[in-house]
Amino acid sequence: LVPALHRALVHAHERACRRAAEEELRARVRQQEVAAELGLLALSTCDLAQLNTESVDRVAKTLGVEFCHVLELRPEAADWICRASIGWQDPASGNAVPSQDLWSLADYTLRMDQPVIFGDLRRETRFNGDALLRSHGIVSGMTAILRLKGRPAGMIGVYSSKARAFKQHDLHFLRAVANNLAAANERHEAEQRIFD
């Protein structure tokens with residue numbers, strides 16, 4: 001009886017591991033599909049507002065998070081401006097946020113000049129727990145920089161009210177979307193110079 005029980009437990013564990021691996025593979029494939037679709041949209045649209053809005057919606061759904069935003073850095077005004085968002089209580093798009101006020105996570109991301117992942121905002125020591133993030137009950141999140149001509153020009157962030165261990169493929173997905181957005185912005189700037 002004991003060997004039979006042991007074999008049954010081993011098989012159950014193997015099935016659970018196989019299911020988890022299959023789910024992760026499906027998630028990776030879906031992320032690659034969405035990144036490619038957003039890349040095509042970035043190449044075909046002249047409407048950056050539509051691209052930003054579509055991106056935050058698709059990223060939030062693909063990663064299964066409640067909150068996402070695209071922020072543009074405005075160094076001359078020492079602030080960030082929200083270009084698109086989903087999940088926040090008050091629509092934030094178009095609002096300027098002082099650089100060292102609510103978005104200290106954004107400033108930390110900028111200072112680190114690389115993606116930032118946090119698993120539990122309540123225990124975070126690398127940056128202040130932003131009042132806006134806390135007021136929405138955000139626990140976990142991830143941010144990635146948007147670069148124009150090699151310089152940081154903004155960021156995209158995703159957030160969850162549940163503890164979440166973002167994986168490396170999640171980060172690659174977010175960076176791919178950030179690169180798509182940055183490329184669309186660069187193309188838009190180049191077209192404006194040509195037609196001005």
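**Cores and aromatic pairs in a predicted model**

At 1% relative accessibility, F118 counts as buried, a term that denotes under 20% relative accessible area, with exposed over 50% and partly exposed in between (1.4 Å probe, protein chains only). The structure is a predicted model, in which local features need pLDDT of at least 70 and side-chain atom pairs count only at pLDDT 80 or more, while totals for chains, interfaces and linings use all residues. Residues are numbered from 1 along each chain as its sequence is written, and side-chain values use heavy atoms, with hydrogens and water left out.

A search of the whole structure gives 5 aromatic pairs. Rings of Phe, Tyr and Trp (its six-membered ring) are paired if their centres lie within 6.5 Å; planes under 30 degrees apart count as stacked, over 60 as edge-to-face and the rest as tilted. F118 and F127 form an edge-to-face pair, at 5.6 Å centre to centre and with 75° between the planes. F127 is buried, at 5% relative accessibility. F118 also forms a tilted pair with Y159, at 6.4 Å centre to centre and with 35° between the planes. This pair links distant parts of the chain, as F118 is in strand β4 (residues 116-118) and Y159 is in strand β6, 41 residues apart. Helices (H or I, at least four residues) and strands (E, at least two) are DSSP runs, numbered from the N terminus. Y159 is buried, with 1% relative accessibility. Ring pairs join F67, W88, Y108, F118, F127 and Y159 into a cluster.

A nonpolar core is a set of buried Ala, Val, Leu, Ile, Met, Phe, Trp, Tyr and Cys residues joined through side-chain atoms within 4.5 Å. The largest such core has 30 residues, of which V59, I156 and V158 touch the most other members. Two or more residues come from each of α1, α2, β1 (67-74), β5 (140-148), β6 (151-160) and α5 (168-195). The most, 8 residues, are given by α5. A second, separate core of 17 residues includes L71, L121, L133 and M155.

L133 lies in helix α4 (residues 131-135) and is buried, at 0% relative accessibility. Leaving aside neighbours within four places in sequence, L133 is in contact (heavy atoms within 4.5 Å) with W88, L105, L121, I138 and Y159. The C-alpha atoms of L133 and L121, 12 residues apart along the chain, are separated by 8.6 Å.

C46, in the loop between α1 (2-44) and α2 (48-63), is exposed, with a relative accessible area of 56%.
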